[in-house]
Amino acid sequence: MQEEHEYHYRLKPLLVPGFLLLAGYPVVTAFLVLILKISLLERNILIGLYLVSSLGIIALWIYGRSKYLRIEEKNLLFCSLSGEREIGAEDIRRIALYTSPKGKEIVQIKTLHNDDFYISDVYFPFPELMGDLEQFVRSHSIRSNIA
């Protein structure tokens, strides 16, 4: 009997550029205000952009924290704030492993209902995920190119 494993979404590749933007944006805005003497309307627009960007980054962080993949004995469960999506082994038509031009591995899961799901290295730990996925494919005789 296979035990359940959870793989969580990695937030670092998503949030580090966002936090760098949040840290550097006030410096650029201060430079524009002090050196170029921009108007009050332009300054308020820049502050509004900063606030919208901050809210977007916070929303991404909250959504990313809730996102994970669980491999159970008979199904795959994709979870996030937008809900749970359970895919039974009998609903999976094909699982294929592709390599992007940059060398990143991407797994495509095609279902009988013409839905596509993608798994990449943003789920942690990815090597263990690939091993569990390979075992899942073998145990349920799913058509796949995963060796």
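Let's start with Tyr50, which counts as partly exposed because its relative accessibility is 25% (buried means under 20% relative accessible area, exposed over 50%, partly exposed in between, with a 1.4 Å probe and protein chains only). Keep in mind that this is a predicted model, where local features need pLDDT of at least 70, side-chain atom pairs count only at pLDDT 80 or more, and totals for chains, interfaces and linings use all residues. Residues are numbered from 1 along each chain as its sequence is written, and side-chain values use heavy atoms, with hydrogens and water left out.

Now for the rings. The structure holds three aromatic pairs; rings of Phe, Tyr and Trp (its six-membered ring) pair if their centres lie within 6.5 Å, and planes under 30 degrees apart count as stacked, over 60 as edge-to-face and the rest as tilted. One of them joins Tyr25 and Tyr50, with centres 5.3 Å apart and planes at 25 degrees, so it is stacked. Tyr25 sits in helix H1 (residues 12–35) and Tyr50 in helix H2 (residues 40–66), so the pair ties together parts 25 residues apart in sequence. Helices (H or I, at least four residues) and strands (E, at least two) are DSSP runs, numbered from the N terminus. At 18% relative accessibility, Tyr25 counts as buried.

Phe78 and Phe117 form another stacked pair, 5.0 Å centre to centre with 15 degrees between the planes. Phe78 lies in strand E3 (residues 75–80) and Phe117 in strand E7 (residues 116–119), so this pair ties together parts 39 residues apart in sequence. Phe78 counts as buried at 11% relative accessibility, and Phe117 counts as buried at 13%.
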